[in-house]
Amino acid sequence: MKLLVSACLLGENCKYNGGNNYSKAVADFVKGHEVIAVCPEVLGGLSVPRTSAELVSGTVMTAEHVSVDAEFRKGAALALKQALDEQIDLAVLQSRSPSCGVNQIYDGSFTKTLIDGQGVFAKLLKDAGIKVIDAEEIINGTVKEVM
Ligand code: SF4
């Protein structure tokens, strides 16, 4: 199968703070499959490191109240195009991110408060009919193998 994976989960230092979210569970999960690593925020032209951002009433904003919505949406659109061009079977995305979050995201208050919702890239993938898994489901064992 062909899988698209949030690049930070595979150890790429593309997180806002210059780090990554490497997960051995995710690396094991994708082993043996064709893997395409993507970071929509970097694709959108944002730097590493960069100021953290959250979805605030539908617009992606930094904690300093600067809109980075255009960059986030441009990157999500480019990453979606890659997913469609590559005809991926499944996407595995990092939890809680304003781009990649699948089930929950931060609420826009920058207080680490979670709400049900999706990041802008995860939503584009789902709207395009692509199956998406939250990395947390792999890490906590809810999903054990590629379907
Ligand atoms: S945009 Fe996605 S891939 Fe990039 S650092 Fe954030 S969670 Fe990871």
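The structure is a predicted model, in which local features need pLDDT of at least 70 and side-chain atom pairs count only at pLDDT 80 or more, while totals for chains, interfaces and linings use all residues. Residues are numbered from 1 along each chain as its sequence is written.

Strands here are DSSP runs of E with at least two residues, and helices are runs of H or I with at least four, both numbered from the N terminus. Four strands form an open sheet in the order β2-β1-β5-β8 with parallel pairing, where two strands pair if DSSP finds at least two bridges between them. At its edges lie β2 (34–38) and β8 (132–134), each pairing on one side only. Within the sheet, β1 (residues 2–6) and β5 (residues 90–93) are joined by three bridges, and L4 has A91 as its bridge partner in β5.

Two loop residues other than glycine have positive phi: R96, near 70°, lies between β5 and β6 (104–106), and F110, near 55°, lies between β6 and β7 (114–116). A residue is buried with 20 or more other C-beta atoms, placed from the backbone, within 10 Å of its own, exposed with 12 or fewer, and partly exposed in between. R96 is therefore buried, because 20 other C-beta atoms lie within 10 Å, whereas F110, with 16 such neighbours, counts as partly exposed.
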